[in-house]
Amino acid sequence: MTTANPGGPAGRILVPGGYGAVGATVTGTLRDWFPGRVVPGGRDAAKAERHGGVRVDVGDPAGFGAVLDELGDVTLVVLCVEPPDQGIARVCLERGAGLVDIGATRRLLDGVTALRDIAVGSGAAAVLSVGVAPGLTNLLARRAHEEVGGADRIDLTVLLGSGERHGADAVRWTVDGLAAPTAARPLRISLPGHGTRTRTAYPFPFSDQHTLARTLGVAEVTTRLSLDSRALTALLFVLRRTGALRAVRRAGPRRLLTEAFRRVRLGGDRFVVRADAHRGGRHAAWAATGREQSRFTALMAAHAAREVLSGAVPPGVHHIEELPVFAKLPEALTGAGLTVRRLLPGDIR
């Protein structure tokens, strides 16, 4: 990984959502690396100004473009809040500004991926699937996939700490995911750092499973979720199975359940991601563990931003596993507390 910006463009870095749960760490990390160049943004003008930033609204592409034009020298946008569609990405890429997007919704990421020709034409580089899931899951999946010589099936497992304080956008996204129907089956699996007993992980609509099926050419990819609180995990997915969560698609119940999730503190802040690749009788698995999923999402985004600014990412729209420069990014985060390991046969279940 690079440690500076060797000859890359020296414009400013705009961080929409730059004072939120993830964005504050992105802003702080990038300010350490690129002093005087980072501009946080958000819809609350007074709060943005207090953080040395500007008012931006990702729901208003025309207004967002006007902010870019007014600033005049934005080289990179690090999107730390999810917009309603790909309009903001288009505004950035048409102006030749690079993009790093921490979003995890398949529909939105597919929309940005479709802007590849615009990015190539303007010379802009965009990196998607940046975070823990998607992000770390994508990178570990690629390792396991290559070890078995090209997987027929990849199983991704994500365990999140239910005691961690998450931002409102992340909680709303999780609530929506719980309400989404699925045909995939749960999986019993062991997870490093969480004892010898296997856990049940349940299918969940993380975008990585759809992206990896395309970028790695794997026929079957499934991502499953568990929480560190076994009781809360069981309760939520029983409610899903019985159809009780379908009501959260309506605005009122959705708000109530989102607020309840923000208040629940039944577990800790540790997370695990595990990637298992299968090809015939061959099986390889990698896992990463750490604390504070939001912090590592931010660190992944900051490292991706640094590589874009260094010129290491070619023009176009790329998911993180498609870029060799990020192959060792998990190891680069060990100093921040991430543990990365290849699981031995005795660890694989």
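Modeller: In this predicted model, seven strands form an open sheet with parallel pairing, in the order E3-E2-E1-E4-E5-E6-E13. The edges are taken by strand E3 (54–55) and E13, each of which pairs on one side only. As a general point, the strands of a sheet pair through backbone hydrogen bonds, in either the parallel or the antiparallel sense. Within this sheet, E5 and E6 run parallel and are joined by two bridges. Val100 stands opposite Val127 in E6.

Helices pack on this sheet. Helix H1 (residues 23–33) touches strand E1 (12–16), strand E2 (38–42) and strand E4 (74–79), and its direction makes about 165 degrees with that of E2. Helix H12 lies across E1, E4, E5 and E6, running at about 160 degrees to E4.

Helix H5 (residues 106–113) also belongs to this picture. Its buried residues are Leu108, Leu109, Gly111, Val112 and Thr113. They pack against strand E5 (98–101), strand E6 (125–128) and strand E13 (316–319), and also against helix H4 (87–94), helix H6 (116–122) and H9.

H12 leads on to a second sheet. There H12 lies across E7, strand E11 (270–279) and strand E12 (282–291), and runs at about 105 degrees to E12. This other open sheet has seven strands in the order E8-E9-E10-E7-E11-E12-E14, and its pairing is mixed. Strand E8 (187–189) and strand E14 (339–342) stand at its edges with a single partner strand each, so one side of each has no neighbour in the sheet. From one strand to the next, the twist averages 25 degrees. Strand E9 (residues 199–203) and strand E10 (residues 220–227) are paired in the antiparallel sense over two bridges. Tyr202 stands opposite Leu225 in E10. Helix H9 (residues 208–215) packs on this sheet, where it touches strand E7 (153–160) and E10, and its direction makes about 155 degrees with that of E10.

Ser226 counts as buried because its relative accessibility is 2%, and the cut-off for buried is under 20%. Apart from its neighbours within four places in sequence, Ser226 is in contact with Val158, Leu159, Leu160, Arg199, Thr200, Ala201 and Thr233.

Helix H7 (residues 132–147) and helix H12 (residues 293–310) have axes 9 Å apart and pack at an angle of about 65 degrees. The two helices are therefore roughly perpendicular to each other, and their crossing is left-handed. H7 contributes Val132, Gly135, Leu136 and Leu139 to the contact, while H12 contributes Gln293, Phe296, Thr297 and Met300. By class, the contact of H7 with H12 has five nonpolar, three polar and no charged residues.

With H9, H7 packs at an angle of about 35 degrees, the axes being 10 Å apart. The crossing of H7 and H9 is right-handed. Here Ala133, Pro134, Thr137, Asn138 and Ala141 in H7 meet Asp208, Thr211 and Leu212 in H9. The residues of this contact divide into four nonpolar, three polar and one charged.

Conventions:
Residues are numbered from 1 along each chain as its sequence is written. This is a predicted model: local features need pLDDT of at least 70, side-chain atom pairs count only at pLDDT 80 or more; totals for chains, interfaces and linings use all residues. Side-chain values use heavy atoms; hydrogens and water are left out. Axes are lines fitted to C-alpha atoms, for helices over the stretch in contact, and angles run from 0 to 180 degrees between N-to-C directions. Helices (H or I, at least four residues) and strands (E, at least two) are DSSP runs, numbered from the N terminus. Angles under 35 degrees count as roughly parallel, over 145 as roughly antiparallel, 65 to 115 as roughly perpendicular and the rest as oblique. A crossing is left-handed if the near helix is turned anticlockwise from the far one by less than a right angle, and right-handed if clockwise. Contact means heavy atoms within 4.5 Å. Ala, Val, Leu, Ile, Met, Phe, Trp, Tyr, Cys and Pro count as nonpolar, Asp, Glu, Lys and Arg as charged, and the others, Gly among them, as polar. Two strands pair if DSSP finds at least two bridges between them. Buried means under 20% relative accessible area, exposed over 50%, partly exposed in between (1.4 Å probe, protein chains only).
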